[in-house]
Structure formats: structure tokens, C-alpha cells
Amino acid sequence: MWGDRVRLIDHPMVQHKLSILRDKATPSKQFRELVRELALFEGYEAMRDLPLSEVDVETPLAPATCRRVAKQVAVVPILRAGLGMVDGVLDLVPAARVGHLGMYRDETTHRPVAYYAKLPDDIAERVVIVVDPMLATGGSAAAAIAYLREQGVAGVVRLMVIVAAPQGVEAVLASDPDVEIYACAIDERLDENAYILPGLGDAGDRIFGTE
Ligand code: URA
């Protein structure tokens with residue numbers, strides 16, 4: 001339906017972990033670990049097309065021509081739930097830089113309000129991966145991507161979420177022609193409070209134990 005701009009990570013291990021994540025009985029510690037693990041799996045897919053350059057390496061036996069990732073990465077969590085996905089991406093790319101974007105959702109209007117931004121100064125030269133576990137209305141993600149564009153980020157922006165609502169996917173795709181969305185699930189719909197159904201509840205509260 002959305003073409004190759006939306007990638008569903010349908011791997012059995014991802015779906016298995018997601019089922020535990022959704023369970024309301026899963027405690028905060030395990031929830032946090034699962035979010036991190038899912039971010040690692042998603043990051044693996046989101047970085048599948050990173051450019052490589054050749055490098056000469058001496059093995060203990062002989063010279064070898066190898067390949068290394070040729071672009072640097074920035075991971076940008078949308079505060080606060082996005083923080084839960086950062087370490088999963090850093091597990092894959094320890095040299096990535098981390099930028100932070102604070103967007104909170106106004107409880108009445110459900111519109112994003114920016115309250116904090118701190119990005120690597122070379123963000124425009126990096127492969128940028130925005131992370132936020134829940135893509136609900138898409139307002140925060142679209143606002144975050146628009147902010148990154150203002151800071152000179154060109155080309156593909158990768159948005160990694162764990163659960164998305166169709167409405168959020170459509171809003172983000174409509175907001176930017178060059179965004180790719182990675183999700184472990186695209187759920188049915190939003191409820192009247194803009195929570196995803198069936199979803200997994202409030203991801204930030206479950207990550208940080210503030211329920
Ligand atoms: N944010 C969440 O944490 N959960 C939702 O279902 C929607 C937005």
C-alpha cells in the first residue's frame with residue numbers, strides 16, 4: 001500500500017519479542033530490554049543500504065581487501081520514549097553520535113510542541129535515524145523530521161518505530177518526500193486519546209516505570 005517507503009520488520013524473532021512487549025504483565029525492566037533489542041534488529045534493516053568503501057587489512061596470514069561503512073551515523077531519539085531505542089542502535093554502531101529532540105504531545109490538541117533540541121554539529125553529513133517507539137498521529141515525528149530538514153539534513157531520513165498506526169504512517173509520508181519508516185507492526189487504529197490500538201500502552205511510562 002505504501003510501497004518501499006514503509007518497511008515492516010516481520011522476522012519471527014522480532015514478532016516474538018513484540019508479543020512480550022505488548023503484554024501488560026511485562027515488567028518495566030524487561031520492557032526496556034525488549035525495546036533495546038527491537039531497536040537493534042530494526043537498525044540492522046534500516047542500515048542495510050549504507051555505502052561501503054574498500055579498506056586494506058592485514059590478517060595474521062595475508063593482506064585482505066575488506067569493506068567498511070563509509071558514512072557516519074546519527075541517531076536522534078524523540079524524547080522521551082525514543083531514548084529507550086538509542087542503546088540498541090549504538091549496539092550496532094558504537095561510533096554513532098546521538099542528537100536529542102524534545103517534543104511533547106499537547107494532551108488537548110495532540111499537536112507536537114518542541115521544547116528541546118541538541119544535535120551533532122555535523123548532522124547534515126550523517127545518515128540520520130530518528131527513533132520513537134510509537135508512531136501514533138505522526139505529529140511529533142513529522143515535526144522532528146521538519147526540524148532536521150531546517151538543520152540541513154538532506155536525502156533519506158530513516159524513522160524507526162516499534163508500533164505504528166496507519167494514520168501516523170500516512171501523516172509522516174505526506175510530510176516529507178524522502179522519509180523511510182521502519183516498524184515492527186502497523187496496528188489497527190488510534191483511540192479517542194490518540195493511543196494506538198491494540199498497541200502496547202504508553203511506551204515512555206513502561207520504559208521508565210512511571211505508570
Ligand atoms: N504514545 C504511546 O506511548 N503510546 C501510544 O499508543 C501512542 C503514543
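1. Ala194 is partly exposed, with 16 other C-beta atoms within 10 Å; on this scale a residue is buried if 20 or more other C-beta atoms lie within 10 Å of its own, exposed if 12 or fewer, and partly exposed in between, with C-beta atoms placed from the backbone. Phi of Ala194 is near 65°, a positive value in a residue other than glycine, and Ala194 sits in the loop between strand 14 (189–190) and strand 15. Helices (H or I, at least four residues) and strands (E, at least two) are DSSP runs, numbered from the N terminus.

2. This is a predicted model, in which local features need pLDDT of at least 70 and side-chain atom pairs count only at pLDDT 80 or more, while totals for chains, interfaces and linings use all residues. Residues are numbered from 1 along each chain as its sequence is written.

3. Two cis peptide bonds deserve a look. One joins Leu79 and Arg80, with omega about 0°, and Arg80 is placed in the loop between strand 4 (73–79) and helix 3 (83–92). Another joins Leu197 and Pro198, with omega about -5°, and Pro198 lies in the loop between strand 15 (196–197) and helix 6 (203–208). Most residues other than glycine have a negative phi, and most peptide bonds are trans.

4. The ligand is surrounded by Ala81, Met134, Ala136, Tyr195, Ile196, Gly199, Asp202, Ala203 and Gly204, where a residue counts as near a molecule if its C-beta atom, placed from the backbone, lies within 6 Å of it. This shell divides into 6 nonpolar, 2 polar and 1 charged; Ala, Val, Leu, Ile, Met, Phe, Trp, Tyr, Cys and Pro count as nonpolar, Asp, Glu, Lys and Arg as charged, and the others, Gly among them, as polar.

5. An open sheet of 3 strands has the order 9-11-13 with parallel pairing, two strands being paired if DSSP finds at least two bridges between them. Strand 9 (134–135) and strand 13 (185–186) stand at the edges, each with a single partner strand, so one side of each is left without a neighbour in the sheet. Strand 9 pairs with strand 11 (residues 163–164) over 2 bridges, and Leu135 stands opposite Ala164 in strand 11.

6. Strand 2 (residues 52–58) and strand 3 run antiparallel and are joined by 7 bridges, with a hairpin of 4 residues connecting strand 2 to strand 3. Val55 stands opposite Cys66 in strand 3. Strand 3 (residues 63–69) is hardly covered, the count of buried residues among its 7 residues being 0.
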